[in-house]
Amino acid sequence: LIEKNLNFMICGIQTSKFISSIKKNQDLIPIFSNKSFEIKHRYVICFYIICIRPETTNASNFACIETFYDRPYEKVLVFYYVSFISKIVKRKVICQINYTSYMLIYVPDKCIEKEAIVIFSEGFFTIVNLLTLEISIKNMPLKKRKGNDDINRIVSFDFFIGKERTLYLLATQDGDLLKFIFTYKFKKNYFTLRSNIEYLDTIEGKISCIQILSGGFIFLSMETGNHLFFSIY
């Protein structure tokens, strides 16, 4: 869901995608708009979808991880540009990505030149600058466990946007907490995105959701029901 104009996209189990919006009636009650688009691509499967900032109020931009029925180990990063006024939907394949890619994170900023997308794969992540489409790859600092060969994936995250940097807190399915910081350096008339990811701690049990609250407090929702509330200094 895009907060600026309340447009959203739903990816179906098969090959269909539905794009619509949420409006308000005279009583200011949210209702679903009767205007919608349906996108059909044969043999295309959507693994993950996020919203990215649209260029105008009446437009919507989405990023997806997609693969194909006849090529299940080939994944691509795809952008969808949607205009409700002109009723145009454009699909653009940005690049081919690793076949283990499973999650996208949108790194927003007040300045559009600083925006990026992070693609998480098994054991590493890829950063794509949305302005220059510059790509950088880094390893994930995950805790190694003896006798456990299962893939430790990111299951939840939350972020905080500061004046000079953007902070993300990531939680893995095995309870690892990671701190992800993005900073920017002005170079040759555009911003160069830099990142630093650090291992923080391991929480016993499975983490369902992580939230950054006001005042610097962190809330962890656990599958066991023993939820945690703490702060990081």
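This is a predicted model: local features need pLDDT of at least 70, side-chain atom pairs count only at pLDDT 80 or more; totals for chains, interfaces and linings use all residues.
**The chain as a whole**

Of its 233 residues, 42% are buried. Taking contacts between residues at least 6 apart in sequence, 40% join residues that are at least 24 apart.

One piece you can pick out in the viewer is an open sheet of four strands, in the order 9-10-11-12, paired in the antiparallel sense. Strand 9 and strand 12 (135-139) are at its edges, each with a single partner strand, so one side of each has no neighbour in the sheet. On average, neighbouring strands of this sheet are turned by 20° against each other, direction ignored.

Strand 9 pairs with strand 10 through five bridges, in the antiparallel sense. Here isoleucine 105 stands opposite valine 118 of strand 10.

**The cores**

Valine 118 also leads us inside. The largest nonpolar core has 17 residues, and Val118, Phe120, Phe125, Ile154, Leu170 and Phe180 are those with the most contacts inside it. At least two residues of this core come from each of strand 9 (103-107), strand 10 (116-121), strand 11 (124-129), strand 14 (165-172) and strand 15 (176-187). A separate core of 14 residues lies apart from it, and includes Ala63, Phe79, Leu104 and Tyr106.

What does valine 118 touch, leaving out residues up to four places away in sequence? Its contacts are Met103, Leu104, Ile105, Val107, Phe125, Thr126, Ile127, Phe180 and Phe182.

**Aromatic pairs**

The count of aromatic pairs comes to eight. Two of them are set out here.

| Ring pair | Distance between centres | Angle between planes | Arrangement |
|---|---|---|---|
| Tyrosine 73 and tyrosine 99 | 6.0 Å | 75° | edge-to-face |
| Phenylalanine 125 and phenylalanine 180 | 4.9 Å | 70° | edge-to-face |

Why is the pair of tyrosine 73 and tyrosine 99 called edge-to-face? Its planes stand at 75°, and the label applies because planes over 60 degrees apart count as edge-to-face. The planes of phenylalanine 125 and phenylalanine 180 are at 70°, so that pair is edge-to-face as well.

Tyrosine 73 belongs to strand 7 (residues 71-83), while tyrosine 99 is in the loop between strand 8 (88-97) and strand 9, so their pair ties together parts 26 residues apart in sequence. Tyrosine 73 has 67% relative accessibility and counts as exposed. Tyrosine 99, at 47%, counts as partly exposed.

The phenylalanine pair links distant parts of the chain, with phenylalanine 125 in strand 11 and phenylalanine 180 in strand 15, 55 residues apart.

**Charges over rings**

Arginine 71 lies over the face of phenylalanine 68, 4.3 Å from the ring centre. Lysine 75 has its charged end over the ring of phenylalanine 47, at 3.9 Å from the centre.

Definitions and conventions: Residues are numbered from 1 along each chain as its sequence is written. Side-chain values use heavy atoms; hydrogens and water are left out. A nonpolar core is a set of buried Ala, Val, Leu, Ile, Met, Phe, Trp, Tyr and Cys residues joined through side-chain atoms within 4.5 Å. Buried means under 20% relative accessible area, exposed over 50%, partly exposed in between (1.4 Å probe, protein chains only). Contact means heavy atoms within 4.5 Å. Rings of Phe, Tyr and Trp (its six-membered ring) pair if their centres lie within 6.5 Å; planes under 30 degrees apart count as stacked, over 60 as edge-to-face and the rest as tilted. A charge sits over a ring if NZ of Lys or CZ of Arg is within 6 Å of the ring centre and within 35 degrees of the ring normal. Two strands pair if DSSP finds at least two bridges between them. Axes are lines fitted to C-alpha atoms, for helices over the stretch in contact, and angles run from 0 to 180 degrees between N-to-C directions.
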